[in-house]
Amino acid sequence: SDVRLLLALGSSAVDFLVTEDIKLRKRAERSHLGESVLSVLNMLDLLKLSFEGNEVSLPYVLDKKAYQIDKRDPLFESLRNDYSGFDRWFDKCCNEHRDCWVLEIGNEMAGLIVRNDETHDEANTIHPGPKILKICTFKIQDKYRGENFGELILKQVLWFAQKNKYDLAYLTVFPKHEGLIDLLEQYGFQRTKVLNDAEIVLEKIFIKGDLPDSDGA
């Protein structure tokens, strides 16, 4: 049954295969069909992005510049443990007026994403650009995990990238962050390589234009 499904996909008899079968999705990746095999959540997001308005406004998620964020916040403690020289790097982000999304619960910073536009030469990703969004930092405070806040701020990334016609989004993650890796893979990010410091590179390609006609979907 799996082979027949993948054969239909590979021969362009259909455009997408939607399945929660993890083994089938891995088999599709080995057959170089992984980009066309989506989970239910991936497909729902694709449909929303294609048919809903362009405005992206999610609860609790605020646009800020790096210089507007207090780096003494407790959220930064584990980032400093993972990355030597983090403070110097974040100072650089402040000087460059780097764009961020802040997840704010009450008056507390519960999560943070720092983002940057890169060319393919800068990103050195497996998938080509030319318009690439790098997720430089993705952090949710420990006490807010399990409340779907990571999923919420990730949707901000995906909707922003789709709305602004990015070709690719990517980030690097240490293997110990299994929960984040699992979340990213649920939303279509794929592991493409491992860097010298053991960080995993995860990349997600974005579909441009309208969805295919219903006869082919």
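Let me start with a pairing: strands β4 and β5, the latter covering residues 108-118, run antiparallel to each other across six bridges. This is a predicted model, so please hear everything that follows with that in mind.

The two strands form a hairpin, with two residues between them. Gly106 sits in that turn and has a positive phi of about 65°. At this end, Ile105 has Glu108 of β5 as its bridge partner.

β4, residues 99-105, also pairs with β3, residues 61-65. That pairing is antiparallel too, over five bridges. One of the bridges joins Val61 to Leu103 of β4.

Now the whole sheet. How many strands form it, and in what order? There are seven, arranged β3-β4-β5-β6-β7-β9-β8, and the sheet is open with mixed pairing. β3 and β8, the latter at 190-194, are the edge strands; each has a single partner, so one side of each lacks a neighbour in the sheet. From one strand to the next, the twist averages 30°.

A helix packs on this sheet: α7 touches β3, β4, β5, β6 and β9. The direction of α7 makes about 165° with that of β6. Is α7 mostly covered or mostly uncovered? Mostly covered, as 13 of its 15 residues are buried.

Just past the helix, Lys165 takes a positive phi of about 60°.

Next, two other helices: α1, residues 2-10, and α2, residues 22-30. Two packed helices are described by the angle between their axes and the distance between the axes. For α1 and α2, the axes come within 11 Å and cross at roughly 45°. That angle is why α1 counts as oblique to α2. The crossing is right-handed. On the α1 side, the contact is made by Asp2, Val3, Leu5 and Leu6; on the α2 side, by Leu24, Arg27 and Ala28.

Last, a single residue. Where is His127? His127 lies in the loop between α6 (120-123) and β6 (132-140). The relative accessibility of His127 is 16%, and buried means under 20%, so His127 counts as buried. Leaving aside residues up to four places away in sequence, His127 touches Glu35, His120, Leu168, Gln190, Thr192, Glu203 and Ile205.

That is the tour; I can take questions now.

Technical notes. Residues are numbered from 1 along each chain as its sequence is written. This is a predicted model: local features need pLDDT of at least 70, side-chain atom pairs count only at pLDDT 80 or more; totals for chains, interfaces and linings use all residues. Side-chain values use heavy atoms; hydrogens and water are left out. Two strands pair if DSSP finds at least two bridges between them. Helices (H or I, at least four residues) and strands (E, at least two) are DSSP runs, numbered from the N terminus. Buried means under 20% relative accessible area, exposed over 50%, partly exposed in between (1.4 Å probe, protein chains only). Axes are lines fitted to C-alpha atoms, for helices over the stretch in contact, and angles run from 0 to 180 degrees between N-to-C directions. Angles under 35 degrees count as roughly parallel, over 145 as roughly antiparallel, 65 to 115 as roughly perpendicular and the rest as oblique. A crossing is left-handed if the near helix is turned anticlockwise from the far one by less than a right angle, and right-handed if clockwise. Contact means heavy atoms within 4.5 Å.
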